[in-house]
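Please consult the sequence and the model alongside them.

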Amino acid sequence: MNVLKFGGSSVADPEAIGRTLSIVRQSEQPVLVVVSALGGITDLLLEAAHLASGQEEAWKQRLEVIEFRHLEVVRGLIPIAEQAPVLSRVKKDLNILETLLEGAYLIGETTPKLLAKIVSFGELMSSYLIASYYRSQGVAAVFKDSRELIRTNDAYTNAGVLREVTYSLVSEALDGRDPVVVLPGFIGSNENGDTTTLGRGGSDYSAALFAAATKATCLEIWTDVSGMYTANPRLVKGARPIALLSYEEAMELSHFGAKVLYPPTIQPVLQAGIPLLIKNTFAPGEPGTRIEASGNLEGRTVRGISYVPDIGLLSLEGPGMIGIPGISKRFFEVLSEKGINVVFITQASSEHSICVGISEGQLEGAEKATNQAFGYEIERGEINPAVVEGGLSIVALVGDQMKEHQGLSGKMFSALGRNNVNIRAIAQGASERNISAVIRREDVKKALNTLHEAFFEERIKQLNLFVMGVGNVGSRLMDQIRRQQQVLKEERRLLLRVVGISNSRHMVFRENGLDLDHWEALLGEGPPADLHEFHRQVRAMNLRNTIFVDNTASAEVSQWYGKYLQGSAAVVTCNKIACSSAYGTYSGLKELSLSYAAPFLFETNVGAGLPIIDTLKNLVLSGDRIHKIQAVLSGSLNFIFNQYNGDSPFAEVVREAQRQGYTEPDPRIDLSGVDVMRKILILARESGYQLELDEIENHSFLPGQAQNAPDTAKFYEALEAGETHFAGLYREANDSGKRLKYVAEFNKGKASVGLLQVPEGHDFYHLKGSDNIVLFHTDRYQEQPLIIKGAGAGADVTASGIFADIIRVGNF
């Protein structure tokens with residue numbers, strides 16, 4: 001004999017019920033079919049009872065919906081010629097239900113006994129309808145009332161089953177002579193024959209009791225998912241079904257929120273050694289999950305990740321608890337007397353405190369009861385008043401083999417810590433079958449995805465990008481990411497998703513990633529850009545491996561770096577303002593990066609895509625000391641002075657540099673020397689020196705009118721007016737066989753920038769186009785400096801440098 005249990009979603013409507021018949025017909029053995037109420041009916045019954053007891057007329061509307069749903073099933077499934085007796089029985093049940101609700105309305109209350117009777121009609125009507133449907137389709141199905149078979153105590157709405165009596169009644173009544181027996185789940189009766197219910201999820205338990213009592217070959221739980229998953233598939237997109245679990249693993253997962261299975265279900269089949277199969281009614285061909293004694297044959301350590309929502313912590317502590325026998329006993333007795341279920345326990349080894357996790361809804365009552373019970377000790381100062389904290393959830397790793405492997409706890413907490421998931425309490429059972437942590441409710445989704453990536457998707461790491469600025473550089477970055485997404489996934493096991501984008505006008509977000517083929521159109525349709533709202537969205541999404549990418553030159557945007565780092569979001573930027581502002585700001589951001597394990601990368605601040613800062617960091621970290629830096633750090637100025645020969649006006653050469661994307665949006669920044677000052681300042685700081693921008697000497701080559709130009713238009717006018725000045729600079733250098741280069745130098749703690757005449761044979765003399773060059777003179781590179789040379793400006797190379805930093809974050 002097989003036992004098949006169909007949940008509410010599997011019997012929600014005529015189409016779903018039709019699928020159950022196909023499944024039943026495939027069985028080669030006699031079957032017991034245990035069914036839940038039609039999907040959503042139990043909630044409607046509870047609502048109707050609540051409204052009626054509150055003497056609200058709206059209970060009648062709920063009853064009308066219940067009636068409509070059941071009559072709809074009759075008319076959708078039973079042939080017209082056979083509908084009369086079925087409709088008569090359903091309407092009789094509905095009349096009784098109406099009488100019960102009317103009674104609750106008149107007296108203004110529902111007792112547990114009355115509520116159990118009202119709620120039982122969901123399963124009673126669905127099972128009768130399904131048995132009638134099966135018979136109308138030629139299946140020899142009979143209906144039996146579970147209240148005659150499952151005997152319970154008098155706890156009407158959460159009844160305990162009297163196993164010995166129940167097994168005797170079931171084995172006598174269900175002897176396998178009928179090919180198909182349909183039974184209502186969830187309900188039973190006490191010794192007086194009064195209706196009782198087994199608590200929410202009790203239909204699973206009913207099916208397990210029938211399986212154990214009849215020594216069934218297998219118990220099949222049919223639901224709307226394809227088995228038990230490695231994590232909740234609604235929260236973790238990469239979750240996948242687990243093919244095989246042990247009874248103990250399944251019990252742990254179901255206890256910690258895997259709602260596909262009711263926790264008590266496992267005990268009867270475990271004791272009887274009956275395998276349990278979880279299958280999908282809507283995809284019956286999928287293998288599902290098999291649960292049996294042998295369980296984990298794959299040898300995997302962690303089998304699943306689960307969570308319990310809406311948890312509160314109740315803590316009792318004080319010096320008077322240390323070494324005093326009976327404190328824990330009293331504490332738990334108080335909670336037990338109030339009917340409070342403890343789902344999590346942790347105690348300090350000093351015995352100074354006990355912390356328990358309970359349902360958040362019971363937190364206030366538990367606090368009050370605890371303070372009353374320990375009132376004497378609290379008054380004497382031996383124990384502090386109970387401390388409560390709500391808004392929490394439990395996440396748990398589950399697996400039989402976890403005790404055989406070291407480092408799992410470290411890996412779990414390290415992964416959570418890197419993503420700024422704060423852990424409030426930790427517990428691990430002696431069996432080491434689960435490791436549990438209490439975290440904030442809003443961190444659950446991120447925590448589950450983080451842990452799933454760490455334990456089930458180690459080969460692919462997901463990076464979630466929030467991109468600020470999609471102009472010249474930013475748009476090239478988007479294109480590079482789009483073209484390389486698949487390559488990075490296949491070759492580097494990195495999955496890059498652009499989740500948010502903003503320019504100065506609009507912003508757009510997609511939690512599952514934006515379509516990079518159409519990002520411009522999506523951005524154009526987005527809400528107005530707002531830095532506060534952008535940050536709020538990043539925080540609200542709370543995604544793992546978040547990276548904030550700044551492609552702007554905005555001082556205002558740079559002021560947000562600290563907030564992102566404090567949220568454990570990495571920051572990747574080509575914006576030089578933050579690192580070249582006050583030294584305290586620069587060092588503060590570096591400290592936040594270390595404190596929150598959030599990378600802060602700015603390779604493109606100097607040399608665009610050239611590995612200048614990364615090389616400098618490695619020199620310093622390996623113990624080398626930097627004595628002197630000589631560099632041409634402005635690709636735009638190098639381009640300008642390589643192009644200018646007096647034939648075309650200097651102003652026109654600058655305009656061409658701006659058109660090609662070599663200069664900043666405001667070319668005054670480049671030509672004033674401020675941009676180069678910022679770059680040499682950053683290199684000096686990365687070399688280990690404290691230096692401020694105003695300490696750098698700036699030998700400007702611009703005439704005074706250009707230096708003081710109030711805007712870009714006036715600046716170009718000044719350049720045009722100063723053509724004689726620029727032509728003179730060029731002729732003087734050219735006549736002596738030299739070339740003009742804008743050079744930055746850092747030497748013995750001092751820095752300067754300015755236009756120099758470089759003679760032939762100098763490392764800077766043959767520097768072409770917009771190339772940059774840096775010479776590092778160090779302890780190790782004394783006779784010949786370490787030279788880094790290459791393209792140092794342009795949107796493509798800058799975008800590629802930002803892209804490289806993003807990949808570096810992925811490798812952290």
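Q: Which residues does phenylalanine 701 touch, not counting residues up to four places away in sequence?
A: This is a predicted model, in which local features need pLDDT of at least 70 and side-chain atom pairs count only at pLDDT 80 or more, whereas totals for chains, interfaces and linings use all residues. Residues are numbered from 1 along each chain as its sequence is written, and side-chain values use heavy atoms, with hydrogens and water left out. With contact taken as heavy atoms within 4.5 Å, phenylalanine 701 touches Leu637, Phe641, Phe650, Leu671, His725, Phe726, Leu729, Tyr742 and Leu755.

Q: Which residues touch the most other members of the largest nonpolar core?
A: A nonpolar core is a set of buried Ala, Val, Leu, Ile, Met, Phe, Trp, Tyr and Cys residues joined through side-chain atoms within 4.5 Å; buried means under 20% relative accessible area, exposed over 50%, and partly exposed in between (1.4 Å probe, protein chains only). The largest such core has 81 residues, and those touching the most other members are Phe650, Leu671, Ile680, Phe701 and Leu719.

Q: How many aromatic pairs does the structure hold?
A: Rings of Phe, Tyr and Trp (its six-membered ring) pair if their centres lie within 6.5 Å; planes under 30 degrees apart count as stacked, over 60 as edge-to-face and the rest as tilted. On this basis, the number of aromatic pairs is 25.

Q: What is the angle between the planes of phenylalanine 600 and phenylalanine 602?
A: Phenylalanine 600 is buried at 4% relative accessible area, and phenylalanine 602 is buried at 1%. Their rings form a tilted pair, 5.1 Å centre to centre, with an angle between the planes of 50°.

Q: Is strand E18 largely enclosed or largely open?
A: Strand E18 covers residues 494–502; helices (H or I, at least four residues) and strands (E, at least two) are DSSP runs, numbered from the N terminus. Because eight of its nine residues are buried, E18 is largely enclosed by the rest of the structure.

Q: How many bridges join E18 to strand E19?
A: Two strands pair if DSSP finds at least two bridges between them. E18 runs parallel to strand E17 (residues 461–468), with eight bridges, and leucine 463 has leucine 496 as its bridge partner in E18. A hairpin through four residues joins E18 to E19, and these antiparallel strands are joined by bridges numbering three.
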